[in-house]
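Please look over the salt bridges in this model before we discuss it. My notes follow the display.

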Amino acid sequence: MKHLLLLLLSATLLFSATGCTTAYKAAVDERSIGTQTDDEIITAEIKADFLQDELIKYMDFDAAVYDGHAYVLGEYESQQQVARSVQIARAVDGVRAVTTYMLPKKDDELCGTTDNLLLYGKIKKELIADENVKSTNVNTKVIQCNVVLLGIVGSQAEADRAVNHAKGVDGVRSVKSFLRVAR
């Protein structure tokens, strides 16, 4: 039942939630529609399992999956949380590998949630404005003013442009790219 619900939720989100935007995103994605759907289902299951786990603080952790490769990102209070998040992701059917980008949780007067959101918006604006970058293929996360880029792009030049846009935004502390070039 859980898998059927996740499948229906993912399919609905992928194909109908935002109408034309979703159709465009699906059309320009470097993955097949089947792979996109599989990845969305796996992502939804990881996030659902995070939400149900007592050790994981759901708002501090995020996941994204590309071609069965899960990326777990966020802020942690203990190494046990990191280990548990990886254990949860690995346990989901279809996950072939897990990569983490985790930072210890801390109060930072120079970079809070508002700063992260502003940086996210500025980076997405730059990516959207660049006709040589398919911005919907670049998943941008900002953690403690550090940028993480995820996704599958059409060329190394496109990946490099996305990284350069992120690095060029004032206030970005670092950029970690997990962008992969389509085969």
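**Notes on the salt bridges**

1. Aspartate 62 and lysine 47 join their side chains in a salt bridge, 3.2 Å from N to O. Aspartate 62 sits in strand S1 (residues 61–66) and lysine 47 in helix H3 (residues 33–52), so this pair ties together parts 15 residues apart in sequence. A salt bridge here is a side-chain nitrogen of Lys or Arg within 4 Å of a carboxyl oxygen of Asp or Glu. Helices (H or I, at least four residues) and strands (E, at least two) are DSSP runs, numbered from the N terminus.

2. Aspartate 62 also forms a salt bridge with lysine 141; their closest N and O atoms are 2.6 Å apart. That pair links distant parts of the chain, strand S1 and strand S4 (residues 139–143), 79 residues apart.

3. Aspartate 62 and lysine 141 are both buried. Lysine 47 is partly exposed, at 25% relative accessible area. Buried means under 20% relative accessible area, exposed over 50%, partly exposed in between (1.4 Å probe, protein chains only).

4. Arginine 173 and aspartate 108 form another salt bridge, with closest N and O atoms 2.7 Å apart. Aspartate 108 is buried, with a relative accessible area of 18%. Arginine 173 is partly exposed, at 40%.

5. Salt bridges with shared partners join Lys47, Asp62 and Lys141 into one network. The whole structure has 8 salt bridges.

6. On the basis: this is a predicted model, where local features need pLDDT of at least 70, side-chain atom pairs count only at pLDDT 80 or more, and totals for chains, interfaces and linings use all residues. Residues are numbered from 1 along each chain as its sequence is written, and side-chain values use heavy atoms, leaving out hydrogens and water.
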